[in-house]
Amino acid sequence: MNSAAAPEAMRPSSDLESGSHAPHKGRILAWAAWDWGSAAFNAVMTTFVFTVYLTSNAFGGEDQASAVLGGALAVAGAAVALLAPVTGQRSDAGGRRKLWLGVNTVAVALLTALCFFVFPRPEFLLLGVTLIALGNVFFEFAGVNYNAMLAQISTPLNIGKVSGFGWGMGYLGGIVALLLVLQLFVQPSFAWFGASTEDGLNIRLVAVFSALWFVVFALPVLFAVPELPKTRQGAGLGFLASYGLLVRRIKAIYRTSPHTIYFLLASAVFRDGLAAVFTFGGINAAGTFGFELKDVIFFAIFGNVVAAVGAIAGGFLDDRVGPKAVIMGSLLGLLLAGSVIVALGNGSYSFFGMEWAGTTTFWIFGLFLCLFVGPAQSSSRAFLARLAPQGESGELFGLYATTGRAVSFLAPALFTLCIAVAAPLVEPGEAQRWGILGIMVVLLAGLLLLLRVKAPDQAEIAVVPAA
């Protein structure tokens with residue numbers, strides 16, 4: 001275990017280096033199955049289906065419902081930022097990483113299932129947004145423990161590949177879950193009681209489906225991956241005292257491994273840009289390029305497939321050239337693809353006698369954006385896992401969640417600002433595409449911050465104090 005008293009001549013070990021050096025395929029598959037199952041909450045509940053239902057006119061008007069949902073999610077984000085590092089720290093110290101992964105996963109599933117009782121009437125709006133917001137909090141807590149497990153089930157030689165495989169499983173799981181939801185509930189292929197739209201029954205049953213999907217695919221990791229050994233560091237601390245220990249450890253990390261802190265800050269910025277690519281991709285497809293809803297859904301499906309391929313391929317590269325090179329290459333690819341979309345817009349062009357429509361621009365370069373998002377996300381997780389001091393992965397991934405939440409306003413704010421600046425300068429309907437420029441600014445800022453960060457094999461592992 002790292003401590004402040006470690007001999008100066010001895011390089012502290014990371015969680016990854018102190019773990020098993022023999023790959024265990026069964027544990028990797030079980031771990032990645034959680035990512036597959038979690039897509040039911042991410043893709044179905046919070047992105048494409050249930051939140052769309054919550055912000056419909058049935059709940060008192062799109063504007064009001066959207067504002068209430070946004071406020072609830074903002075409160076949830078603040079809770080995650082404040083609590084994630086300490087919850088990770090305490091699961092590390094108590095040897096309860098798997099336990100808390102299971103507890104938080106079950107909490108998400110229960111909250112998701114309770115969405116069945118959110119009937120399409122204004123008086124149920126508060127219940128719906130509260131359940132979704134609480135689900136997001138517990139999902140982030142589960143994610144801290146899940147990400148921290150990466151060092152347990154991978155080796156220094158395959159960590160990039162394992163992380164990429166997990167991300168890829170998440171993308172593919174989202175596609176399968178969405179297709180099942182579309183075929184069974186949203187646009188049912190056959191008549192059954194779950195297809196009924198009376199009182200929103202079909203959408204409310206989507207919540208039950210999502211809860212069951214998550215639980216079923218979360219079970220393997222809870223059986224296959226062993227629990228952490230209990231340590232004495234921080235195990236007996238009270239909850240408030242844990243914050244004092246957290247502050248001391250952040251100071252120690254900055255003093256003994258400043259590049260760990262630099263990476264947390266740089267990744268927070270570019271991860272906000274990566275999230276915005278998906279958040280605003282559908283909006284731009286519909287608003288700027290004239291996609292119908294079915295076209296947006298088709299693009300989302302293809303985009304997730306491409307992102308999964310990118311994440312898996314990026315994982316193989318990660319183990320060969322290192323995570324920093326993969327992240328930087330991905331960010332450059334995103335900037336190039338985004339620049340083409342901004343430059344061409346929805347215009348029609350003729351190249352060598354061939355007609356090039358605006359929809360072609362978005363399909364080709366939008367999918368390039370998806371291709372590069374996956375590797376950047378996967379290698380970011382693998383980068384941090386390589387830097388985690390022995391026994392401290394949970395706490396460090398808690399800080400990873402906190403820093404990400406702290407800057408999550410950047411891309412949405414710059415997206416909106418660029419549209420506002422462009423609106424009086426361009427033709428009506430042309431301003432929205434310039435919002436992409438705001439996302440590119442965030443990605444570029446993250447890239448520039450990453451330039452000064454040493455790669456994990458060149459950075460020191462932090463020495464952290466005992467409780």
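1. A word on terms before we look at helix pairs: helix axes here are lines fitted to C-alpha atoms over the stretch in contact, and the angle between N-to-C directions can run from 0 to 180 degrees. Please keep in mind that this is a predicted model.

2. Let's begin with helix 8 and helix 9 (residues 201–224), which pack at an angle of about 145° with their axes 10 Å apart. Their crossing is right-handed. On the helix 8 side, the meeting residues are Gly173, Val176, Ala177, Leu180, Val181, Phe185 and Val186, and they face Asn202, Ile203, Leu205, Val206, Phe209 and Trp213 of helix 9. Sorted by class, this contact holds eleven nonpolar and two polar residues, with no charged ones.

3. Helix 8 (residues 159–186) also packs against helix 14 (residues 358–387), here at an angle of about 135° and with the axes 9 Å apart. Helix 8 is therefore oblique to helix 14. This crossing, too, is right-handed. Helix 8 contributes Ile159, Gly160, Ser163, Gly164, Gly166, Trp167 and Tyr171 to the contact, while helix 14 brings Val373, Gly374, Gln377, Ser378, Arg381, Ala382, Ala385 and Arg386. The class make-up of this contact is six nonpolar, seven polar and two charged residues.

4. A further partner of helix 8 is helix 2 (residues 25–48): the two axes come within 7 Å and cross at roughly 45°. That angle makes helix 2 oblique to helix 8. The pair forms a right-handed crossing. In the contact you will find 19 nonpolar residues, five polar ones and one charged residue.

5. Glutamine 152 sits in helix 7 (residues 150–153).

6. What does glutamine 152 touch, leaving aside its neighbours within four places in sequence? The residues in contact with glutamine 152 are Arg97, Val225, Pro226 and Leu228. With arginine 97, the link is a polar contact of 2.8 Å between the two side chains. With proline 226, the backbone oxygen lies 3.3 Å from a polar atom of the glutamine 152 side chain.

Methods: Residues numbered from 1 in each chain as written. Predicted model: local features only at pLDDT ≥ 70, side-chain atom pairs only at ≥ 80, totals over all residues. Heavy atoms only, no water. Helix = DSSP H or I, 4+ residues; strand = E, 2+ residues; numbered from the N terminus. Parallel < 35°, antiparallel > 145°, perpendicular 65-115°, else oblique. Left-handed = near helix turned anticlockwise from the far one by under 90°. Contact = heavy atoms within 4.5 Å. Nonpolar A, V, L, I, M, F, W, Y, C, P; charged D, E, K, R; others polar. Polar contact = N/O pair within 3.5 Å; in protein donor to acceptor, adjacent residues only side chain to side chain.
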